[in-house]
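This briefing covers the fold and packing of one protein chain. The sequence and model are shown first, and the notes follow by topic.

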Amino acid sequence: MTRTDPDAQAPAPLVLIRYLNQCGALVTVTQNPNTPGQPRCYGASCAGCLDALFGTPTVLSSARDWASKHARECRALPQPDQQAA
Ligand SMILES: [Zn+2]
């Protein structure tokens, strides 16, 4: 007997780059799982203020620029649940 959990089977985004914001929260650049026939897609998100850039940037440099700039300016503290990661 197997239980299927769609979330558990979805491939997780691959973390490529991590920045620290002004207060130590992680700002990560991720490569989203490839969909066949679609261009490679990158995203970026902040674990402090939960701001995110997803979907649009297909170029690594634009996601990286967003994350770098965000890490420089964001002063949100890390979320309590995400400290372990
Ligand atoms: Zn932030």
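How many bridges join strand 3 to strand 4, and in which sense do the two strands run? Two bridges join them, and the strands run antiparallel. The model is predicted. Its protein chain holds two helices and four strands, arranged from the N terminus as α-β-β-β-β-α.

- The four strands form an open sheet in the order 1-2-3-4, with antiparallel pairing.
- Strand 1 (14-20) and strand 4 (52-53) are at the edges with a single partner strand each, so one side of each has no neighbour in the sheet.
- Strand 1 pairs with strand 2 (residues 26-32) over six bridges in the antiparallel sense; Arg-18 has Thr-28 in strand 2 as its bridge partner.
- Strand 2 and strand 3 are also antiparallel and are joined by six bridges, with Thr-30 opposite Gly-43 in strand 3.

**Helix against sheet**
- Helix 2 (residues 60-73) lies across strand 1, strand 2, strand 3 (41-46) and strand 4.
- The helix runs at about 5° to strand 3.

**Core and burial**
- The largest nonpolar core consists of eleven residues: Ala-25, Val-27, Val-29, Tyr-42, Ala-44, Cys-46, Ala-47, Ala-63, Trp-66, Ala-67 and Ala-71.
- At least two residues of this core come from each of strand 2, strand 3 and helix 2.
- Helix 2 gives the largest share, four residues.
- Strand 3 has five of its six residues buried and is therefore largely enclosed by the rest of the structure.

**Contacts**
- Ala-25, a member of the largest nonpolar core, is in contact with Cys-46, Ala-47, Gly-48, Ala-76, Leu-77 and Pro-78, leaving aside neighbours within four places in sequence.
- Among contacts in the protein chain with a separation of 6 or more, 41% are between residues 24 or more positions apart.

Notes: Residues numbered from 1 in each chain as written. Predicted model: local features only at pLDDT ≥ 70, side-chain atom pairs only at ≥ 80, totals over all residues. Pairing = 2+ DSSP bridges. Contact = placed C-beta atoms within 7 Å. Axes fitted to C-alpha atoms, helices over the stretch in contact; angles between N-to-C directions. Core = buried A, V, L, I, M, F, W, Y, C linked by C-beta atoms within 7 Å. Buried ≥ 20, exposed ≤ 12 C-beta atoms within 10 Å, placed from the backbone.
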